[in-house]
Amino acid sequence: MRLRPFELIEPESLAAVGAALAATDGDARVVAGGTALVPMLRLGVVRPGRVVSLHRVPALAEIAANNGELRLGAMATMAAIHRSAVVRDGWPLLAEAAGSVATPAIRSTATIGGNLAYAEPASDPAPALCCLEATVDIAGAAGSRSLPVARFLTGFYETALEPAEVVAAVRIPAVPAGARGGYVKFCPRSLEDKPLIGVAALVTIDDRTGRCRDARIALGAAAPTAIRAARAEAIVRDQALDERAIRAAAEAAAAEADPLADLMGSRDYRRRMVAVWVRRLLTSLAHREGRP
Amino acid sequence: MWPILRAIATHRACRVRAVLLRSAGDDAAPIEFAMTIALDLTINGQRCRTQAPDHWTVLDVLRDGLALTGTKDGCGEGVCGACTVLLDGLPVRACLVLAAYAAGRSLITIEGLSESDPLVDTFARLGAAQCGFCTPGMILSARALLAENPAPSVHDVREALAGNLCRCTGYVKIVEAVLTAARSYACASALSN
């Protein structure tokens, strides 16, 4: 079955993308890799008259670190992020999350900008970006602005993007020295499915005292957007990461979750799974050597 | 191959309008589409110049534009893997990639693999293909895996093929075929060194 016809616009600069979106009066959609938009077009969920593609904007797929800050262009693909030596060295949590998205064939074209703009509640990179305190750079006809990822993701498939704006890049600050991070997801049906629950965590343990100097825990598919589990973080902060603290944090994270029920699982089941996977991830991080 | 592709493309282009009119869909009035995207790409090692309407995917270009029907049209949502092809060496879903995105790049489809290719050969010999609909996508996903990881484990193979659905075989023979082909590639490269 073919897509419903639309006019394809292929601007060659971000300014031209903004202008094209502003000129179409809300009847346009942006396409990056197409893994989210094309199925929606096919199913008729969206029926735009025009589609604005980002693939000709130069340098939008760049992945580079500058002064300790990682900058991912919006068109950086999950496969490129997963394989990038720069990302693996400095931000392995992100490399791990990008490498666990769907299947190899999806990761080859799915982009970080598209992932954020689609705002899938069960996104794999989103909890990792929340832990890493990423900033989203937005470009539009009216100029550019930046938002922390937690404020960029506003709801169930909703973002802070205005109709004539696009994600231009994602910036991620350096990870605290000695931090250890991980992303786990629970797919009850099959590996390539979106997760029932995803958990990302980044903890920094003081070598001398054995206590958690910094703890960041984020949940995917556990609320309308990826969220930080602030109460769970507070429970383990300044504590030894032992079984008692981990169990208490896992229960706190489950209480903070505000999951939706769907065919994969009920609200209660998702909550229980939040506790299970937060516990498993923190336990594995507690026993791992310090590495960002 | 290139003159053949061009001949097919020209022939097909004449028919495209009629096909589009038929598939224009429910409430849409018949619309005429200009072939507005000029595509210059490499398909299975051959340079190919063709055109496509704006809303065509790589799958539409391959199957309807160029009559390369080895790439199968399954779910249309990127789930089943039947349309998997290699774009610049990486596996992609042809049904999800807009044609314009592939401009200037290199595509490998199942037609680009010879019958003596170890994957094609072992899939046939070990009974890894039954109805055959998933086979082109399976083989191209497997080829991408072996290019990156020449000696995969069973787990690696299962993970790489997780996005390719087969309703006939139960996957056991497919995994065996990929592992056997990996050894054939390894033998071939050892002999050539």
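Start with the crossing of α11(A) and α12(A): it is right-handed (the near helix is turned clockwise from the far one by less than a right angle). This is a predicted model, where local features need pLDDT of at least 70, side-chain atom pairs count only at pLDDT 80 or more, and totals for chains, interfaces and linings use all residues. Residues are numbered from 1 along each chain as written, chains are lettered from A in the order written, and side-chain values use heavy atoms, without hydrogens or water.

Select residues 243–256 and 267–286 of chain A. These helices, α11 and α12, pack at about 145°, with axes 8 Å apart (helices are DSSP runs of H or I, at least four residues; axes are lines fitted to C-alpha atoms over the stretch in contact, with angles from 0 to 180 degrees between N-to-C directions). Show the contact (heavy atoms within 4.5 Å). It includes Ile246(A) and Ala250(A) of α11(A), and Val274(A) and Leu282(A) of α12(A).

Next, pick Leu94(A). Beyond four places away in sequence, its contacts include Leu70(A), Ile81(A) and Ile172(A). Leu94(A) is among the residues touching the most other members of the largest nonpolar core, which has 95 residues (buried Ala, Val, Leu, Ile, Met, Phe, Trp, Tyr and Cys joined through side-chain atoms within 4.5 Å; buried means under 20% relative accessible area with a 1.4 Å probe, protein chains only).

Move to chain B and select α3(B), residues 118–125. Its buried residues include Leu119(B) and Phe123(B). Their cover includes α4 and α6 of chain B. Now show Asp117(B). Asp117(B) caps the N-terminal end of α3(B), with a side-chain oxygen 2.9 Å from the backbone nitrogen of Leu119(B). Finish at Gly127(B), which follows α3(B) and has a positive phi, near 70°.

Terms used. Buried < 20%, exposed > 50% of the residue type's maximum accessible area, 1.4 Å probe, protein only. Helix = DSSP H or I, 4+ residues; strand = E, 2+ residues; numbered from the N terminus. Polar contact = N/O pair within 3.5 Å; in protein donor to acceptor, adjacent residues only side chain to side chain.
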